[in-house]
Amino acid sequence: KKMGNKASKDKKDKKDEKKEVKEVEKKEEKKEDEEEKKESKDQKEVPDSTDSKQEKDSSLKAEEPKRKGSSAKSSDVKRGSEREALFDTPIRSVIPKNQTMLVIDSKEHVAKALQILLQNNYYSAPVFDKEKDIFVGFIDLVDIVCCIVKMFEETELLGEDFDIFTMETKETRFNSENVDRVHDMSKRNPMHGVRKTDPVSDALKIIQKTHTNRVLVVKALDDKKVYNVLTQSAIVAFVERNLDQLGALSRLPLKGMTIGSRKVISIKKSDKALQAFQFMAEHKIGGVPVVDDDGKLFSCISAKDLRVNNTHQLFANLFQSAEDFVTKISKRTIPGNPVNPEFYCTWDITFGELLTKVASKKFHRTFVCDADMKVEAVISLGDIIGALHV
């Protein structure tokens with residue numbers, strides 16, 4: 001019953017949020033209409049300085065229908081057509097021009113797949129089965145995290161002291177594990193396809209409904225050939241480049257929105273880094289905040305921090321303290337603490353400012369902190385896309 005009440009409250013909050021955006025837009029429309037009327041009146045009152053007043057009057061009459069049409073069009077835009085036009089953009093125009101198609105063979109080893117993803121700075125890639133001649137899904141860094149954590153849990157190593165013999169056994173197994181046994185182990189990436197000519201709103205609806213992080217882009221829905229991949233990051237970057245078309249939504253402060261998750265899972269900086277990856281695997285998330293003994297944000301550990309030169313080093317790093325891991329390995333802190341300010345914010349910033357921060361730094365999550373630097377919420381790319389109300 002409580003869960004039902006909460007869901008009902010969240011639904012009501014989202015409706016109130018949409019209502020607030022519409023009210024702000026109506027006020028702005030009214031203000032702009034008044035300014036247009038005043039401008040039109042001023043233009044009529046300007047004395048004619050041409051030699052032929054009749055010619056000028058004729059010109060004004062000829063332009064009058066255009067002016068009315070322009071006003072009507074402007075009014076439509078103000079009522080949300082700019083936002084509609086933004087999301088009517090073809091998907092092929094949203095995918096970054098420099099984004100190349102990265103494909104992982106289903107028979108590739110997981111260790112090699114991890115290396116390929118990190119070397120290309122990719123979070124995921126589609127998996128292709130050459131024997132069946134089809135794409136069978138995606139593999140992302142959280143899938144690989146799940147694979148690693150499962151290996152440790154099977155031998156009850158999680159939380160235990162470093163055991164070199166067991167570690168070597170796990171390294172051997174990890175290096176020989178195939179992608180086809182690991183892809184979508186996190187259950188975060190159901191396969192959905194869209195055509196490159198479809199509007200971006202179609203992709204947004206799929207992401208919002210299925211909570212997938214990316215969709216395949218094809219030339220035709222019955223075509224086996226994949227054109228590219230549309231990711232949440234690419235969508236957020238596209239919206240940020242066209243921020244003025246969001247209207248009142250971009251100016252709403254986060255504290256006035258229903259956005260992000262208030263249930264934040266964190267680890268202390270004295271905990272083993274392995275625990276952060278265990279939480280990622282358990283909760284199917286891509287990152288975990290690291291806090292100090294007072295609960296203040298210190299840093300974070302993400303799936304991308306699996307970036308190492310070899311498997312032995314990767315497994316050994318997991319037994320470092322979270323503090324050593326983030327300062328020596330991921331280097332995501334700055335001298336003297338506070339934490340690097342790039343991946344956290346306060347409730348006072350606007351939705352537009354959040355988009356700019358996330359798009360410019362290419363973050364997958366942003367932690368919202370209070371005045372004491374204690375984490376109150378985490379906002380993911382999926383949360384941002386969900387707030388677009390498409």
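Predicted model: local features only at pLDDT ≥ 70, side-chain atom pairs only at ≥ 80, totals over all residues.

Modeller: Strand S5, residues 214-218, is joined to S6 by five bridges, and the two run antiparallel; strands here are DSSP runs of type E with at least two residues, helices are runs of type H or I with at least four residues, and both are numbered from the N terminus. Two strands are said to pair if DSSP finds at least two bridges between them. Residues are numbered from 1 along each chain as its sequence is written, and side-chain values use heavy atoms, with hydrogens and water left out.

The sheet itself is open and has three strands in the order S4-S5-S6, with mixed pairing. Its edges are strand S4 (193-195) and strand S6 (226-231), each of which pairs on one side only. From one strand to the next, the twist averages 35°, where axes are lines fitted to C-alpha atoms, for helices over the stretch in contact, and angles run from 0 to 180 degrees between N-to-C directions. Across S4, S5 and S6 lies helix H6, residues 200-210, which runs at about 170° to S4; contact means heavy atoms within 4.5 Å.

A nonpolar core is a set of buried Ala, Val, Leu, Ile, Met, Phe, Trp, Tyr and Cys residues joined through side-chain atoms within 4.5 Å, and buried means under 20% relative accessible area, with exposed over 50% and partly exposed in between, for a 1.4 Å probe and protein chains only. The largest nonpolar core has 48 residues, of which Ile144, Ile148, Phe174, Phe277 and Ile301 touch the most other members. Helix H4, residues 141-154, gives the most to this core, with 10 residues. Apart from that core lies another, of 40 residues, among them Val94, Ile95, Ala203 and Val236. Returning to phenylalanine 174, its contacts, not counting residues up to four places away in sequence, include Val110, Leu114, Ile144, Ile148, Met151 and Phe315.
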